[in-house]
Amino acid sequence: MEESTRKRRELESEILEKVGEVVSAIREAKYVDHVICSLHSIAVHLFPVDSSRLTGCVDSRFRNQLLSGRISSPFERDEWWDVFYHGAAFPTLARVLIYNVALDWLACFPLSARTHVYDSFFVKGPPFEVVQAIIPALLKNGIKKDTDLNVVCSNVERILVLCLLDHNGVLQMARDFGGSCSSEKFTNKLLKPDMLVFTSMIAQLVASIPDKARLGAPAALSSDQFFKQVIIQLLAGAEERSVEICYNEEALDQSVSDGTFLFVGETFSRICRRGFADILLAEVIPRILGHIRGCLSSDVDIIDHNLFKSKTNFQFWFKMIETIKDSYAVERLSERLLHQLATEHITDIEAYWTLWILFHRTFRNQASIRSIFVDKCLLWKVFPVCCLRWILQFAVLDCPPSSDSLTKGQNTQGLIDIVQRLVGVWSKRQFVQSAAMEQQTYVTAAVGLSLEQMSKEELETTKDVMPLILQGVSCRLESPVTLVRRMASCIALVFSKVVDPKNPLYLDDSCSGETIDWEFGFNRQPKRIPASSDCVEKADDEVKSFVSELNKGISGAADGRKNNNVKGRYKKSELKLVDPDEIVDPATLNNDYSSDEDKDDDDYDDDSENSECLSDSSLQPYDLSDDDGDLKKKFSQLVDLVGALRKPDDPDSVERALDVAEKLVRASPDELQHVSGELVRTLVQVRCSDFTIEGEEDSAEGKRQQALVALLVTCPFESVAAVNKLLYSPNVDISQRILILDVMTDAAQELADAISNRPRHPQGNLISTSEQPWFLPQSKGPLGAGSWKEASETGTSLSWSYRYERNLPLKPSQIKIGKSRRWSLRSEKMQQNQLEYSKNKFPLYAAAFMLPAMQGFDKKRHGVDLLGGDFIVLGKLIYMLGVCMRCVAMHPEAMALAPALLDMLSSREVSHHVEAYVRRSVLFAASCILEALHPSFVASALVEGNAEISNGLEWIRTWALHVVESETNTECSTMALTCLRLHTEMALQASRVLESTDNTFKAKGTDVSTNLLKGEIKITYSNMGYQI
């Protein structure tokens, strides 16, 4: 032993001396032939070099030196190779080759010389030693010139591709770490004493190569291509090693600590850490599925766990996850595995065996792996429903499925524990309020699929499952979102089937089928992040989509019995001023309705008559359509309309009154102003479900709503006062309050978009009978004077009068034509009146709509608690106020109403409401405020020191930032980003107004005193602030 050690030290000294001579010769070389000969002198001691191939690469003076070199025996070469690469000689020579030779001489090397006396030092050496020697050169340390840096890095990248990819260096490393037959002489104990640390270091170096490569590096070193080649080589080495040790039971039990498996696991761990688990699984899944399908297609009577354990080609796959020590990498790998298996469209049986082969050992022995499947995959993450079935089958039911459906095994206690855990989370009101919708549907599906596998006896053994299910169902039925109520219906149906299979409980028509769609219409593919748009119209589209979802969710919640859309939408009517001299008979308003209905009855009777004639020509039915028309009373007075609506025992009269109510109101009869309040209260209190046929409630509700909108449009002040009193009245229920808010919203939009017609004024002469208009100056003057023409002003655009001028003839002493000017109070251009123009009528009534509705919203009255259980009404109220602000956009009235609305929104009970429904409404209203305020009004308010506007806008900015950073609801986060964009645009426009104002003062020689700087406006994500 001592003798062998002494000989090794002597050989190491000899090799170091030889390396020193070669390094000195390279540094003193003047020709490239000197460098080639120097490298050849040491290469012949390490590799079998054919010197004759290099004679053509050097000058004739150096050929004898190449051919006369001493050729070592194979045994001597092996000894030199071992000591050279596992000592200090190779790192020393490698540094000279990478920096000195590559910079000064390598470009002059012929291809054959570069291959035999330069590349061979790296290609024929142990890959893990080569990697340690050359990868640090990619860190670009110690190189000052960019040209030298590119030369060195490009050469190192070429060597890495040549060694690791072209010559399968990664596979060789896996073999060397395992001590396979191909490298018996280089055992693990000889290589490094601490195998685990050394393996981890080499794996880290290999995985970091794409990170350290330059931007213009070869495509083979890009992350996806490089990792793909590395994974292929590692899987080949691992399978090769598993076959070698599969017949040795003792080695097989200890194979997890084998050097090959450790290196493979460490490398896979770092690949997954870098986000390339998909590339790993793209190679793993086809291999495993191929083995599984081979077993399933074989002529075997029983396919169970013992069948797969007996196969030698599965031994590495059983231990693959055990070799990955990083828990995060395992979690990431398992998550991506489920998603990729879903895209493969495999059967439940194939998916179960795939999970079992990879995870059954670690799932049984490691609590962290059990936590991934039982906790994170069921409660935290979101997968397609097929993946959910696979997770439940593998981790909960613990048995292979018999078909493409869940199969219950013997582990019933595990199923009971999982159901208790899932239901405990699913039933919490906080989960319904704060969790994302996709998360709620996923957990609901997990609860439903688990309950389907339970029996009534197992359900009775649990303590809290039944009351928790009832609690979760009840809190979801109160939600305004249709999808949330549908979840409650599905769980209630499954629960009822477990308790009493013969009497299922159907709370929703969508659950009437035999199977339940646990996807709930969600597409669980990864979502693309929408790019932000620069136009304000994009924000409008986002807010409108939220509003449509808002109205869709509220529909049916107020009814309490069915999922019917109570709200009937209608097109905005054009408000046209009628001629006051025109005589209108209100009774004629019924003609359209009566004639249409009579026409329908006639058509129906004609069809019946034809049908009867075809069957029996002797039978002729009587035409009773005229009698029905005579019996119908035509309403022509609003008083009669109110009386008919107050007769619940006469449903026909109520229905006919609703049919004509809108037309009669829009005719604006004289008594409308006096009867409007009473008519509003009567319409609100009408119960359409009491007199309509089942299934036609929506039509009657729509007519009632249109009539109320017509009242608020034609007689705003009186009607709005009536509905505001009813809004917080204890005598109305939640559906009536929602109706009131919907009516106010639609009326505000119609008033804002109203189109008015102005009749043309007569063009007669008002003062004199002359053809010249009275407001023009007299035509008297010298002979030859021209006609009067209106002259344009060059100064300010505002003027209390209009200036006229005309050309005068030349006087005997004049050379230029002069002008005579007169002034008038009327412009000649104004005499042609427009026939039609659009005018926003809502600002006049905005305060009447908004201020009474905002008063007392936070007070708890008898039957009214907006901050508590009536959060649906609160959300609709805030939405209505936001629409009103949008209807007064760019109007001075917006500045007067914005502070009151901002004060309401900024209250903690509203802005931090537990229901995401309310928070979305607040974000919508805040966006409407930002759209409604004109930048010049904001600048004026800040100059005047209006703290309410300044503080309110600052609150919108800070609160929207808080929502973006901490909100769990996706819709709220998206709307908060829109709100921030609108705030930034408004702040930028206001700052431009301030800059233009400042420039105007400077141009006039006036400076704004610093004592007037009272406000501040900030732009999001910027350090710039304008302090006014």
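A residue is called buried here when its relative accessible area is under 20%, exposed when that area is over 50%, and partly exposed in between, as judged with a 1.4 Å probe and protein chains only. At 3% relative accessibility, Y917 therefore counts as buried. The structure is a predicted model, in which local features need pLDDT of at least 70 and side-chain atom pairs count only at pLDDT 80 or more, while totals for chains, interfaces and linings use all residues. Residues are numbered from 1 along each chain as its sequence is written, and side-chain values use heavy atoms, with hydrogens and water left out.

The secondary structure of the chain comes to 45 helices and 7 strands, where helices (H or I, at least four residues) and strands (E, at least two) are DSSP runs numbered from the N terminus. Of its 1028 residues, 48% count as buried.

Helix 39, residues 871-887, is mostly covered, with 16 of its 17 residues buried. The expected span of a helix is 1.5 Å times one less than its number of residues, so helix 39 should span 24 Å, and its end C-alpha atoms, 24 Å apart, agree with that value.

The structure holds 32 aromatic pairs, a pair being rings of Phe, Tyr or Trp (its six-membered ring) with centres within 6.5 Å, counted as stacked if the planes are under 30 degrees apart, edge-to-face if over 60, and tilted for the rest. One of them joins F383 and Y442, whose ring centres are 6.3 Å apart and whose planes stand at 55°, so the pair is tilted. This pair links distant parts of the chain, since F383 lies in the loop between helix 21 and helix 22 and Y442 lies in helix 25, 59 residues apart. Both F383 and Y442 are buried. The rings of F871 and Y917 have centres 6.4 Å apart and planes at 80°, so that pair is edge-to-face. Because F871 lies in helix 39 and Y917 in helix 42, the pair ties together parts that are 46 residues apart in sequence. F871, at 8% relative accessibility, also counts as buried.

A search of the whole structure for disulfides (pairs of cysteine sulfur atoms within 2.5 Å) finds 0. C386 is in no disulfide, the nearest cysteine sulfur, that of C387, being 4.2 Å away. The sulfur of C979 is 9.6 Å from the closest cysteine sulfur, in C928, and is therefore too far for a bond.
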